[in-house]
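Thanks for asking me to look this one over. Here are my notes, point by point, with the cut-offs given as each term comes up.

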Amino acid sequence: MMSLNSEVLPSYRQEAPKTPPHILLHYCAFKAIWDWVILCLTFYTAIMVPYNVAFKNKTSEDVSLLVLDSIVDVIFFIDIVLNFHTTFVGPGGEVVSDPKIIRMNYLKSWFVIDLLSCLPYDVFNAFDHDDDQGIGSLFSALKVVRLLRLGRVVRKLDRYLEYGAAMLILLLCFYMLVAHWLACIWYSIGRSDAENGYLHGWLWKLANTTQRGFNFTLDAASHKVELVGGPARGTMYVTALYYTMTCMTSVGFGNVAAETDNEKAFTICMMIIGGREVTTTDYTIIYS
């Protein structure tokens with residue numbers, strides 16, 4: 001299913017053009033493997049960044065995660081360097097291998113976005129002090145900029161459209177990714193409502209069901225009420241993901257329900273997004 005014969009291959013792939021020694025063909029075997037590595041790391045970033053932000057998981061507290069994220073940042077920086085030395089298909093269908101044209105094309109298109117997405121925000125946050133909450137919150141928010149790496153997937157969708165199986169896998173990954181993002185937002189809404197005194201939200205009911213209640217504490221630095229204790233982080237995440245997926249695929253089962261006004265408003269938006277995704281996915285499968 002994923003093999004192409006000479007009749008389907010574009011003309012520029014049937015005869016390899018001559019390129020300078022330091023220029024890579026964008027369809028060579030090394031670049032294809034590298035693109036799949038970047039794709040996997042992109043999904044890793046899209047999963048971990050919202051999770052760390054929503055669950056207030058400071059990566060600097062875990063050295064292994066900090067090292068892993070630093071390695072990912074280095075790989076994305078290497079990808080930026082490779083993009084300056086990779087051919088591309090011009091408007092007329094020709095392979096552009098001129099180094100000056102390649103550099104100018106990349107600088108004018110995706111260079112700024114790729115550079116912003118590979119900055120080591122976790123390394124900056126690791127040297128943050130607890131008494132400076134403003135800078136720490138700023139770096140935590142800047143982690144979301146890493147989601148710009150999804151632009152790399154969008155750039156390569158035209159290549160994946162050649163393979164039906166790969167396209168179906170990507171659609172499934174995007175569906176799970178949207179459910180994950182919505183679960184992180186759903187947890188953030190429940191935690192915010194609980195900290196504001198709404199004791200009838202889904203997160204508070206989960207604590208009562210698991211008999212692991214929350215306690216209130218006052219942060220001396222920010223003078224804000226925070227929740228401590230409660231169910232395990234994995235239990236809260238699985239419950240949030242379960243709820244978002246049941247709402248995206250159906251109307252839910254009622255065992256986890258929206259209680260506060262914020263939760264109900266977000267649930268309405270989530271059902272609209274879920275209905276839109278199902279319609280788009282069905283159309284894409286029929287079209288493919």
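1. Let me begin with a tryptophan: W202 is buried, with a relative accessible area of 4%; buried here means under 20% relative accessible area, exposed over 50%, and partly exposed in between, using a 1.4 Å probe and protein chains only. W186 is buried as well, with a relative accessible area of 0%. Please keep in mind that this is a predicted model, where local features need pLDDT of at least 70 and side-chain atom pairs count only at pLDDT 80 or more, while totals for chains, interfaces and linings use all residues. Residues are numbered from 1 along each chain as its sequence is written, and side-chain values use heavy atoms, with hydrogens and water left out.

2. Now for the overall picture. The chain has 13 helices and four strands; helices (H or I, at least four residues) and strands (E, at least two) are DSSP runs, numbered from the N terminus. Of its 288 residues, 39% count as buried. Taking contacts between residues at least 6 apart in sequence, 68% join residues at least 24 apart, where contact means heavy atoms within 4.5 Å.

3. On to the rings. The structure holds 14 aromatic pairs; rings of Phe, Tyr and Trp (its six-membered ring) pair if their centres lie within 6.5 Å, and planes under 30 degrees apart count as stacked, over 60 as edge-to-face and the rest as tilted. F55 and Y237 make an edge-to-face pair, with 6.1 Å centre to centre and 70° between the planes. This pair links distant parts of the chain, 182 residues apart: F55 sits in the loop between α2 (29-54) and α3 (63-83), and Y237 in helix α12 (residues 233-249). Both F55 and Y237 are buried. Ring pairs also join Y51, F55, Y187 and Y237 into a cluster.

4. Back to the two tryptophans. W186 and W202 are stacked, at 5.7 Å centre to centre and 15° between the planes. Since W186 belongs to helix α10 (residues 164-195) and W202 to helix α11 (residues 202-210), the pair ties together parts that are 16 residues apart in sequence.

5. Helix α2 deserves a look. Its 26 residues reach 38 Å from first C-alpha to last, close to the 38 Å expected at 1.5 Å a residue; the expected span is 1.5 Å times one less than the number of residues. Just after α2, K56 takes a positive phi of about 50°.

6. How do α2 and α3 cross? Their axes come within 11 Å and cross at roughly 140°; axes are lines fitted to C-alpha atoms, for helices over the stretch in contact, and angles run from 0 to 180 degrees between N-to-C directions. The two helices are therefore oblique to each other (under 35 degrees counts as roughly parallel, over 145 as roughly antiparallel, 65 to 115 as roughly perpendicular and the rest as oblique). Residues making the contact include F30, W34 and I38 of α2 and L65, L68 and V72 of α3.

7. The axes of α11 and α12 come within 11 Å and cross at roughly 125°, so α11 and α12 are oblique to each other. W202, L203 and L206 of α11 meet T235, M236, T239 and A240 of α12.

8. One last backbone detail. Q211 lies in the loop between α11 and β3 (214-218) and has a phi near 55°, a positive value in a residue other than glycine. Most residues other than glycine have a negative phi. Q211 is exposed, with a relative accessible area of 73%.
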